Amino acid sequence: MKPIGLTFIIASILVPLLIFSQFGSQADSGALLSQYFGMVSLIFMGLVQVMATRMKGVEALFGPLDRVYVLHKWLAIFAIAAAFLHESIDADTLSSGDTDGLAKELGEIGYNGILILGLGSLATFIPYNIWRWTHRLIGIFFALAAAHFLMIPNVFSWSDPLGLYVAFFCFAGVASFLYLTYKGMAGRTKTYEVEDVQIYGRITSVTLKPEGKPISHDAGQFAYLSFDQEGMGEVHPYTIASAPREDGRLRFCISALGDYTSRVHELQVGTKAQISKGYGGFRPIASNRDQIWIAGGVGITPFLSWAQTLRGDETGQFYLYYGVRNRLENPFEEELDALQSRLPNLHVQYFESDMGEYIDARLLKILQGKFFDVMPIAFCGPEVMRKALIRDLKVLKYPMRLFHYEEFQMRSGLGFRKLFKFLLQQVNRHSGKFAPAK
């Protein structure tokens, strides 16, 4: 996340602290604390709605979209926690008269709706198509919570400077929800047509040509894609496996990992597709630097597009280490061989897991020698592979600021399964210590 974005978020919740200095004599500290948590919740939820629009300014302020999704999740969690504290602390003393019944009811509905749908978003076992539609409803409950803030009696009026400040985030969030709803119907995409479908085992390569103006994207970025074919209308993000071309054609290589992706091979030539612009910050590293590219499985796709941008006269050397199950099932070997033939500074080495070969940080250091610690590493592959690599790199004191990867996981939980497994291990580990002596 960009420092400017983090600074903006922290600063956004510092302003409401003025409530303690301005109105400390009119209400007790507990009631003011409740009001503060309520404002923090609204500010964070407003920012969450703005981030969901994926407008250009979002990435400019907070960083690449993959990091924005992580921030989006945690801001929503903090917003729910703040709303819980707001609800838990008695704030009736803030009212100068009877609490507005309608406003209080709207707040209850908004809070409960956000709580239920927010927690549901963390339940990654919920099918994507169900999660996608229910997740959109959060904007409605946020609008109800915003109406609660504008209607409920407080020690200050929403037309006061502090009230206007929080109201700005409320209006920005509601406007973002309306924008997203409208654009979801009107479309934020360009229309393409499926030109070619090639099937390589579990990977399907889809080439599309634009109907009209093509999307804008950089090598290594991903785009949101849906097909106008029965059962293929869901919107999913995929890395674009081709560099920008003059004719606007795009290529996606999709691995069969779930119900939706397992049907991609059924696509028919001529099917229309809707594609968003390119997102993400996984762009090529400066070509004058020696660098390491590490790919696992279908994670080779951004590096294919990176390599396509090279001319062969770059001063840097590019070492691509590609982890595959075996060379026989690798659909990209011929393409990589052609790239190596054209680019004398591109070096490809395969690691076949069926042969017991794995990409290991210590081996990389041996292969690169004394220059290893100054060479940037770009990674794209399975999460478990990335975490193992990061762990080993830290052991070798590799400067992690040079390690680049994309958080290509739009839905993620809080690790409850890992926590439960850890607790169970601890119980099993210590159970013997508490057993009665025989």
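The exercises below work through sheets, helices and ring contacts in a predicted model.

Residues are numbered from 1 along each chain as its sequence is written, and side-chain values use heavy atoms, with hydrogens and water left out. Because the model is predicted, local features need pLDDT of at least 70 and side-chain atom pairs count only at pLDDT 80 or more, while totals for chains, interfaces and linings use all residues.

**Exercise 1. Determine the strand order of the six-strand sheet, and state which strands lie at its edges.**

Step 1. Strands are DSSP runs of E with at least two residues, helices are runs of H or I with at least four, and both are numbered from the N terminus. Two strands pair if DSSP finds at least two bridges between them.

Step 2. The order is β4-β3-β6-β1-β2-β5, the sheet is open and the pairing is antiparallel.

Step 3. β4 (236–239) and β5 (250–255) are the edge strands, each pairing on one side only.

Step 4. On average, neighbouring strands in this sheet are turned by 40° against each other, direction ignored. Here axes are lines fitted to C-alpha atoms, for helices over the stretch in contact, and angles run from 0 to 180 degrees between N-to-C directions.

Step 5. Two of the pairings can be followed by residue. Strand β1 (residues 190–200) is joined to strand β6 (residues 272–275) by four bridges, and T191 stands opposite Q274 in β6. Strand β3 (residues 222–227) is joined to β4 by four bridges as well, with Y224 opposite P237.

**Exercise 2. Which residues of β4 point one way, which the other way, and are they buried or exposed?**

Step 1. Buried means under 20% relative accessible area, exposed over 50%, and partly exposed in between (1.4 Å probe, protein chains only).

Step 2. In a regular strand the side chains alternate between the two faces of the sheet.

Step 3. In β4, H236 and Y238 point one way, P237 and T239 the other way, and all are buried.

Step 4. Y224, the residue opposite P237, has the charged end of R54 over its ring, 4.0 Å from the centre. A charge sits over a ring if NZ of Lys or CZ of Arg is within 6 Å of the ring centre and within 35 degrees of the ring normal.

**Exercise 3. Describe the five-strand sheet and a stacked ring pair between two of its strands.**

Step 1. This open sheet has the order β9-β8-β7-β10-β11, with parallel pairing. Its edge strands are β9 and β11, each of which pairs on one side only.

Step 2. Three bridges pair β10 and β11 in the parallel sense. The bridge partner of F379 in β11 is Y405, and R67 lies over the face of Y405 at 4.7 Å from the ring centre.

Step 3. Rings of Phe, Tyr and Trp (its six-membered ring) pair if their centres lie within 6.5 Å; planes under 30 degrees apart count as stacked, over 60 as edge-to-face and the rest as tilted.

Step 4. F318 is buried, with a relative accessible area of 1%. F379 and F403 form a stacked pair, 6.3 Å centre to centre with 25° between the planes. F379 lies in strand β10 (residues 377–380) and F403 in strand β11 (residues 403–405), so the pair ties together parts 24 residues apart in sequence.

**Exercise 4. Which residues of helix α11 are buried, and where do they lie around the axis?**

Step 1. In α11 (residues 333–342) the buried residues are E333, L336 and L339.

Step 2. They cover an arc of only 120° around the axis, so they lie on the same side of α11. The arc is that of the directions from the helix axis to the C-beta atoms.

Step 3. The face turned away from the buried side carries the exposed residues E334 and S341.

**Exercise 5. Why is helix α10 described as largely enclosed by the rest of the structure?**

Step 1. Seven of the eight residues of α10 (residues 301–308) are buried, so the helix is largely enclosed.

Step 2. The buried residues are T301, P302, F303, L304, S305, W306 and A307.

Step 3. F303 and W306 also belong to a cluster linked by ring pairs, together with F282, W293 and F318.
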